[in-house]
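Here's a quick briefing for anyone meeting this structure for the first time. Have a look at the sequence and the model, then read on.

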Amino acid sequence: MWLQEDNHKYYMSRFYGPGEARTRELWVEIAEANRSQVKIHGILSNTHRQASRVILSFDFPFYGHPLRQITIATGGFIFTGDVTHRMLTATQYIAPLMANFNPSYSRNSTVLYFDNGTVFVVQWDKVCLQRKEDIGSFTFQAALHSDGRIVFGYKQIPMSVLEISATQHPVKAGLSDAFMLLNSSPDVPESRRRTIYEYHRVELDTSRVTSASAVEFIPLPTCLQYRSCDTCMTSELTFNCSWCHVLQRCSSGFDRYREEWLTHGCGQESDERTCEDWAESESEHYSPSPQSPFTSFDEDVTTSSFFIGSLTTEDDTKVNQYAEGDGVRNDLPTKTARAPIQTGTIVGIVLAVLLIAAIILAVIYISSHPTSNAALFFIARRPHHWPTMKFRNHTNHTTYSEVEHAAHEKEGFVEAEQC
């Protein structure tokens, strides 16, 4: 029985060990919840290294930023970024136990979530490690509360987390957040590329992650919570809060809105004037603050670049664009890379289409008029041996061969054996 408390600047964490009453209180029994609020994710429960977006029924404050959608991954973590990319395991995550889990191995393995309007829970239930299925299954969950608290609950951990290999997939537990900047590309000056900078991370001691244990993260005050210049500048937080009059926002300059903070010169602005100065000149020099906390950029983003100093392996988690079984469709806007289409490119495409159409019409004419001069011209000049292509008729169009295996099935996926 043990209790450990740590302060991480943005969060205070409390570790509860086996036997603690608080450990049992923090665990959410999804089996006892309203069935209409519990959903088993069919895709994630039957795949490996997959991720899917889910919409929350409430705004969840993460590092002071309200989130309404998250991305659940099979690898034991939740991605909280707005822009998905290949390195989901690098930053912007909530990870009760990030590892190379493969829910598709066993019919008993599932990834399910629960949302009752005040708490959102993701549970990785009876999942096995890839190529370590004989060790046993893991059951753990992450609970996101509407007041900003985050709870990691560990029901079944069959081995020491320190012994899990990180060769094929990062192994860690904790929180992370980052901000994104648009920088000019050195190769194409008129284009922009995204660069993600991690500004804070909470790394838990994974040796304490055992069966019947729990971790509770309690959010600490941040500059973003202040809504006026006076309360911002008189705050006693350790973040060195500054007030930006143009944006009507209090910030330390290191949060997800840093791009907008720098664009409007908020850092220099706050050093030169006081709240009284802004009150006197408010109606003369500044227009009302924009409604959206994000700035719109006209530049197209062509490439992505991620500078994270502590990466160990590359993650190839795929992101499903449509959620299965819950009726939630991913229509969230994401910025796509588009190069400007030049007039010459359009003309070339049109000419190519016209050429192909002319060839098709010529073939149709020759086939329907075999005695015409054009048909006789090609027949006279045909090679002695035309290349032949053989086609086989199949009853279906499946591109993969089906392998018979004496095993159980879970929603169309073959299971090697249960763990």
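Which helix is Ile 346 found in? Ile 346 is found in helix α6, which covers residues 343–368. (Helices are DSSP runs of H or I with at least four residues, strands are runs of E with at least two, and both are numbered from the N terminus.)

Before going further, keep in mind that this is a predicted model, where local features need pLDDT of at least 70, side-chain atom pairs count only at pLDDT 80 or more, and totals for chains, interfaces and linings use all residues. Residues are numbered from 1 along each chain as its sequence is written, and side-chain values use heavy atoms, with hydrogens and water left out.

- Ile 346 has 46% relative accessibility, so it counts as partly exposed. (Buried means under 20% relative accessible area, exposed means over 50%, and partly exposed is in between, with a 1.4 Å probe and protein chains only.)

**Salt bridges**

- Side chains of opposite charge can pair when their charged atoms come close.
- A search of the whole structure turns up eleven salt bridges, each being a side-chain nitrogen of Lys or Arg within 4 Å of a carboxyl oxygen of Asp or Glu.
- One of them pairs Glu 216 with Arg 22 at 3.0 Å, N to O. That pair links distant parts of the chain, with Glu 216 in strand β14 (residues 213–219) and Arg 22 in helix α1 (residues 21–26), 194 residues apart.
- Glu 216 is buried at 3% relative accessibility, while Arg 22 is partly exposed at 28%.
- Glu 216 also meets Arg 149 in a salt bridge, at 3.1 Å, N to O. Arg 149 sits in the loop between β10 (138–145) and β11 (150–156), so this pair ties together parts that are 67 residues apart in sequence.
- Through shared partners, salt bridges join Arg 22, Glu 25, Asp 147, Arg 149 and Glu 216 into one network.
- Asp 59 and Arg 68 form a salt bridge too, at 3.2 Å, N to O. Asp 59 is partly exposed at 43%, and Arg 68 is partly exposed at 41%.

**Disulfides**

- A disulfide is a covalent bond between the sulfur atoms of two cysteines.
- Counting pairs of cysteine sulfur atoms within 2.5 Å, the model has four disulfides.
- Cys 229 and Cys 275 are joined with an S to S distance of 1.9 Å, and their link is left-handed, with -85 degrees about the S-S bond. Cys 229 is in helix α2 (residues 229–233) and Cys 275 in helix α5 (residues 275–285), 46 residues apart.
- Cys 229 is buried at 12%, and Cys 275 is buried at 14%.
- Cys 232 and Cys 250 have their sulfur atoms 2.1 Å apart, in a right-handed link with 75 degrees about the S-S bond. Cys 232 lies in helix α2 and Cys 250 in strand β16 (residues 249–251), so parts 18 residues apart in sequence are tied together.
- Cys 244 is joined to Cys 266 at 2.0 Å, S to S. Cys 244 is buried at 0%, and Cys 266 is buried at 0%.
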